Amino acid sequence: MSAYNTTGTKEKMAVALGAFLSSPPKNIPAGVIEAFGRTVKTEDGILPPRVFLEAVEQSAVAISISNTSAQILYVNQAFEKLTGYKPDEVVGENQSILSYKITPIEVYKELWKQLLEQKSWNGVLVNKRKDGERYLADLTVAPVLDDAGKTSYYLALHRDVTEVHELEQQVRNQKVLIESVVDAAPVVMVLLNNEGKVILDNHDYKKLMGEVHGVEPASVFLDSLSSVINFDKKISCDQRQDFHNQEVSFKNDKGLETRWFTCSGVWVNERKFTADEYFNNNEECCLLLVANDITQQKRQQNQIKTNALRALMAEQQLVHGMRETLSGAIYQLQAPLNMASAVVGMMDRRQGKNSDANPFQSALFDVIKSGQQVLESLQQSLPTEDQEAISPINMNEVIKDVIDLSVHCLLEKSVLVDWDPDAELPNINGGCYALRTLFKQLLDNAIDAIDEPGCTRREISIQTRSYANDVEIVIRDTGPGIAVNRRHSIFEPFFSDWKHIKGRPGMGLTIAMEIVQKHHGTINIDPHFQGGCSIQIRLPINSPQPLVKEDLL
Ligand code: FAD
């Protein structure tokens, strides 16, 4: 409120003012009559002073007018109603009659400082009514200046704000209580309005925000949910569809660490409180998102899974190794036996059927016979491998498992892996173990290649991509590469050309080729790749004919 400058107009005012002032209403103090001896000029003319007096008198706001010593000159009806004092009980008293005497002195000092500078003051004072009951008065005091610009009166407007203050305090207390409960909860909690704006969040949410710099964690959760449960915020809000314990994951800001959460969402309604909604009952649909960090448990689970997988792979590799060794022995035994059989046959033909066999021939025959028995028992002792079920398989998961299995080895050998999976990779039908064996073999080969003499860069890149009919996996290493004239031999059984490793049976790529073929896929060495070896595998999304279990291994 600014100071009232009551510049009088002289002539036109005189008549109306004279009539009012000559017979003022009863009980109006002389000071007030004097104050109303001044009047206001509007664009249309002069308003009669009585209008002002009536307006003040009948105002719903308690009004008092005092002199510059705070001595009360006038109070209106609302003042009487609020304080319990009749005008004649307070006129002549200091405004301090209303003081409950607990308002700090600094407040009054500030009030008077403002008034002495001819500025209005607004604040809250603890007042008491006539009956002693205290109340909170929201008080506005403004100086009234005379023609010379000197303060002649103070005008005060009082409002009882006890109830409003109590309500405000209750709301504030409840807010503090809710915030402390929400903050203390050991979960990530956030309340989002219709537009996805955060209207309440807790300590754990803020902490998470610090970890995913520059991104609102709520939008990261909602994006993850849309891929997990096809979550559509608008549809879900319209139908008030809550969701519970959905597992979501995302990478932290450096893209290195995956965080896991179980996420629940509950729709809550909030009444709109803007001025334009005053006469409506419109509600806003807000989403309360609660997420529980399960990264630790998930890591433990993954560790257990990787260990179990490692044990299974080690056992199966042992079986493979035995099969490879025995197959090698059978293969190598077969050649001399075939040769010996051919010699016996030739001798038979030369001597005729009826002639007695010479001792060399019978010895050779015995050798062949016992050799065949050995072959038979070797074949019988070939360990059988479990046949696995055919199921829809995501190659990203298979490759991720294989990388996890090899992580110690990769770290030990300081090999950097660039893993670039296609986020939308479709499933293929296949045998999970067989495909894992395939990629373990290729990854082990890539690591071995990098260990070959003369390799300066130690990097492996693995990429998956999806095409119309198949998925492609490319594994590249920075090893010595494979010379053009050896590109066919490497898939042959018992071919091993490592310079730094000796005694390998050389069956790895043969098995890899077999697995790819049994999945109706292709495996190729990229002839154009420079600086190492690039192996490309393509596996059909829909196999031309369904694979049977026995086909796989
Ligand atoms: P006081 O001695 O009256 O005042 C305390 C301090 O205020 C003093 O130390 C001094 O610094 C300053 N002060 C007081 N009077 C003057 C003055 N005339 N000039 C300059 N400085 C001064 N108080 C309420 O408690 N409730 C009300 O509803 C209320 N309404 C008011 C309405 C108006 C229009 C005005 C002008 C004042 C009002 N006051 C009100 C303030 C009141 O006049 C007293 O200042 C206050 O109540 C403190 O009273 P006190 O006797 O404890 O101390």
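The model is a predicted one, in which local features need pLDDT of at least 70 and side-chain atom pairs count only at pLDDT 80 or more, whereas totals for chains, interfaces and linings use all residues. Residues are numbered from 1 along each chain as its sequence is written, and side-chain values use heavy atoms, with hydrogens and water left out.

Let me start with the ligand. It is surrounded by 22 residues, the closest being Gln95, Ser99, Tyr108, Trp112 and Asn127, where a residue counts if one of its heavy atoms lies within 4 Å of the molecule.

Now to the helices, which are DSSP runs of H or I with at least four residues, numbered from the N terminus. Helix H11 covers residues 295–351, and its 57 residues should span 84 Å at 1.5 Å a residue, which agrees with the 81 Å between its end C-alpha atoms; the expected span is 1.5 Å times one less than the number of residues. After H11 comes glycine 352, with a positive phi near 80 degrees.

H11 packs against helix H13 (residues 395–412) at an angle of about 85 degrees, with the axes 10 Å apart; axes are lines fitted to C-alpha atoms, for helices over the stretch in contact, and angles run from 0 to 180 degrees between N-to-C directions. That makes the two helices roughly perpendicular, a term for angles of 65 to 115 degrees. On the H11 side the contact (heavy atoms within 4.5 Å) is made by Lys305, Thr306, Leu309, Arg310 and Met313, and on the H13 side by Asp401, Asp404, Leu405 and His408.

With helix H14 (residues 432–450), the axis of H11 comes within 12 Å and crosses at roughly 80 degrees, and these helices are therefore also roughly perpendicular to each other. Here Leu309, Met313, Gln316, Gln317 and His320 of H11 meet Tyr433, Arg436, Thr437, Lys440 and Asp444 of H14.

Finally, helix H8 (residues 203–211) and helix H9 (residues 217–229) pack at about 85 degrees, their axes 9 Å apart, through Tyr205, Leu208 and Met209 of H8 and Pro217, Ala218 and Phe221 of H9.

Methods:
Parallel < 35°, antiparallel > 145°, perpendicular 65-115°, else oblique.
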